[in-house]
Amino acid sequence: MFKNFLPNKILALNSKFIFKIAKIMILVLFVGVIYSLFISPPDYIQGDSVRIMYVHVPSSFIALGCFAFIGVVSICNLVFKIKFISLMAKSLAPVGLIFTITSIVTGSLWGKPTWGIWWAWDARLTSMVILLFFYFIYILTWKFVINFKKANTISSIIAVIGLFNLPIIKYSVEWWNTLHQPSSITLTSAPAIHYTMLVPLLIMLIGFTIYSVIIFLMRYKIEIMKFKLNKKNKIN
Amino acid sequence: MFTQKVKLRIIYSIILAILASAVLYITLKSLEENVVYFYSPTDIYNKTSILSNTTIRVGGLVKEKSINKKGTSINFVITDLKNEIIISYKGLVPNLFSEGKGVIAEGKLKDKKYFVADKILAKHDENYMPPEVKKALEDSK
């Protein structure tokens, strides 16, 4: 599995392959949008505004998942010093940032009709903003620290610190009184969402995941090219 | 399997992770007062001093058959099934505000049983289902 992400394998990656999975993504997202907007029923109390969930929840999942990946890769980078591995984290960061922003914006749009306000500084929302800042700092470190080795170490340390924020986001709704409701989908018990609403949610999650993979593969290839070129030019 | 250097780094990072978690836990524990978004009626009941001049939030469930509307002003009771607090409010309530549902009131405490709100927020739970399913559930009760 890991061998497929080695630099030479990625450089040999055919753009036809990316086109293929892009086609699958468009199909999945098309089905997901149709399902979530027209086929799935409105909620018994929230009505049609529940449809925001089909974008909000997958975005949040991927935002957290991407940062978990970046954090784990950063630990591997700091401990094992595997060359190129941090480029994987670097190429995934913008995807996570975009989905964090999507999650916050859709959450805000959803908050107005349900809670009655756009924004509240409760634990879940605040920790999500902190995640957004971590993404910004992580990406800016790569942008502004020119020396590759330095940027590699600093960004990895930032990612590892940010990793501690993830359980806080996840469990904030259980540990403290928050305006945000507890998780509907948990590993331990049956989902609190009716299956007619769960299916479009999962379809959208698959669609967003394929999108993330496509962007990741494209960026990762470019990052490796840049890295190899820099080595030849002896800039670093 | 690993060289001595890598082994040291692994041990070092594990110790760091444990210590950092401990620091984080202590910090969050001591900041708990500020992290909670609202107090429950029981929290208010257990408070020794009444903060009558600061704006706070009280949350819980709207007690069944407690809503009393008179023009634009509304009175109701927030309960956490142990303690209760009477809320008085003037203005519009959110659409999701109803009996038996979660609610958060923002305002000032007059005494331990009486709260004047200047903002009402609806809090919804994690259950999502179509109206027909809800109806079927209620019919089967």
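H5(A) passes H7(A) in a left-handed crossing, where left-handed means that the near helix is turned anticlockwise from the far one by less than a right angle, and right-handed would mean clockwise. This is a predicted model, in which local features need pLDDT of at least 70 and side-chain atom pairs count only at pLDDT 80 or more, while totals for chains, interfaces and linings use all residues. Residues are numbered from 1 along each chain as its sequence is written, and chains are lettered from A in the order in which they are written.

The axes of the two helices, which are lines fitted to C-alpha atoms over the stretch in contact, with angles from 0 to 180 degrees between N-to-C directions, come within 8 Å and cross at roughly 160°. H5(A) is therefore roughly antiparallel to H7(A), a term for angles over 145 degrees. The residues that meet, with C-beta atoms placed from the backbone within 7 Å, include those tabulated here.

| Helix | Residue range | Among the residues that meet |
|---|---|---|
| H5(A) | 123-144 | A:Ala123, A:Met128, A:Phe134 |
| H7(A) | 165-175 | A:Asn165, A:Ile168, A:Val173 |

Chain A holds 8 helices and 0 strands, assigned as DSSP runs (H or I, at least four residues, for helices; E, at least two, for strands) numbered from the N terminus. Its C-alpha trace spans about 65 × 40 × 30 Å along the principal axes of chain A.

Among contacts in chain A between residues at least 6 apart in sequence, 76% join residues at least 24 apart.

Key. Contact = placed C-beta atoms within 7 Å. Parallel < 35°, antiparallel > 145°, perpendicular 65-115°, else oblique.
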